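Q: Could we go through this chain together? I would like to start with the overall picture and then turn to individual residues.

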Amino acid sequence: GIVLMGQSYFEPAGGHVPKGQESQNMTATQQAIQLSNTARNGANKCDPKPKRPLYALVGTADSYYGENGNGVYSGKALWEYYSTNVLGCTGQVLSSTVSESQ
C-alpha cells in the first residue's frame, strides 16, 4: 500500500518548536529538523514497521506549511526529511504542478 498525507511530518519525540523558543538564527523548519535529529538519536524515534511508500501533498499557498515563504514551516523540506531519514528512501524527489496533477 501507499500512505497519502496532506499535512507535514514532525518526529513525534521532537515535535514542534516550542512557543517562545524560536531562534533568530534559524527558520522554524531548520529548528524542527534539529529537534527531529536530536529525537532520532534516542530510543523513542519514529521507526515504522513496515515502511510504506509515501505520497505527500504540500500546497504552495498554505499559511502553515506552504512554500516560497508562505508558511511557518516548509512542508516539502519536512516530508523530504521523513522520506530520507525515517523511511530510508533514495532517489529524485518529483513535483508536479496543479495542471499536471489533474
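This is a predicted model: local features need pLDDT of at least 70, side-chain atom pairs count only at pLDDT 80 or more; totals for chains, interfaces and linings use all residues.

Q: What is the mean pLDDT of the chain?
A: The mean is 81, and 85% of the residues reach 70 or more; pLDDT is the predictor's confidence in each residue, from 0 to 100.

Q: What percentage of the residues count as buried?
A: Of the 102 residues, 25% count as buried. Buried means under 20% relative accessible area, exposed over 50%, and partly exposed in between (1.4 Å probe, protein chains only).

Q: On to H1: which of its residues are buried?
A: They are Thr 29, Gln 31, Ala 32, Ser 36, Ala 39 and Arg 40. What covers the buried residues of H1 includes H2.

Q: What does Thr 29 touch, leaving aside its neighbours within four places in sequence?
A: Thr 29 is in contact (heavy atoms within 4.5 Å) with Val 72, Tyr 73, Ser 74, Ala 77 and Leu 78. Its side chain also has a polar atom 2.6 Å from the backbone nitrogen of Ser 74.

Q: Is Ser 74 buried or exposed?
A: Ser 74 counts as buried because its relative accessibility is 19%. It lies in the loop between E2 and H2 and, not counting residues up to four places away in sequence, touches Thr 29, Tyr 65, Gly 66 and Glu 67.

Q: And Ala 61, buried or exposed?
A: Ala 61 is exposed, because its relative accessible area is 65%. This residue is also found in the loop between strand E2 (54-56) and helix H2 (75-86). Its C-alpha atom is separated by 7.4 Å from that of Gly 71, 10 residues apart along the chain.

Q: Why does the end-to-end distance of H2 agree with its length?
A: The 12 residues of H2 should span 16 Å at 1.5 Å a residue, and its end C-alpha atoms are 16 Å apart, so the two agree. The expected span is 1.5 Å times one less than the number of residues.

Q: What follows H2?
A: Gly 88 does, and its phi is positive, near 75 degrees.

Q: Changing topic: how many aromatic pairs are there?
A: The count comes to eight. Rings of Phe, Tyr and Trp (its six-membered ring) pair if their centres lie within 6.5 Å; planes under 30 degrees apart count as stacked, over 60 as edge-to-face and the rest as tilted. Tyr 9 and Trp 79 form a tilted pair, 6.1 Å centre to centre with 45 degrees between the planes. This pair links distant parts of the chain, with Tyr 9 in the loop between strand E1 (3-5) and H1 and Trp 79 in helix H2, 70 residues apart.

Q: Are Tyr 9 and Trp 79 buried or exposed?
A: Tyr 9 counts as buried because its relative accessibility is 7%. Trp 79 is buried, with a relative accessible area of 7%.

Q: Why is the pair of Phe 10 and Tyr 73 edge-to-face?
A: Their planes are at 75 degrees, with ring centres 4.8 Å apart, so the pair is edge-to-face. Phe 10 in the loop between E1 and H1 and Tyr 73 in the loop between E2 and H2 are 63 residues apart. Both Phe 10 and Tyr 73 are buried.

Q: Which residues form one aromatic cluster?
A: Phe 10, Tyr 64, Tyr 65 and Tyr 73 do.

Q: Last one: which peptide bond is cis?
A: The bond from Lys 49 to Pro 50 is cis, with omega near -5 degrees. Pro 50 is found in the loop between H1 and E2.

Note on methods. Residues are numbered from 1 along each chain as its sequence is written. Side-chain values use heavy atoms; hydrogens and water are left out. A polar contact is a pair of N or O atoms within 3.5 Å; within protein, one must be able to donate a hydrogen and the other to accept it, and residues adjacent in sequence count only if both atoms are side-chain atoms. Helices (H or I, at least four residues) and strands (E, at least two) are DSSP runs, numbered from the N terminus.
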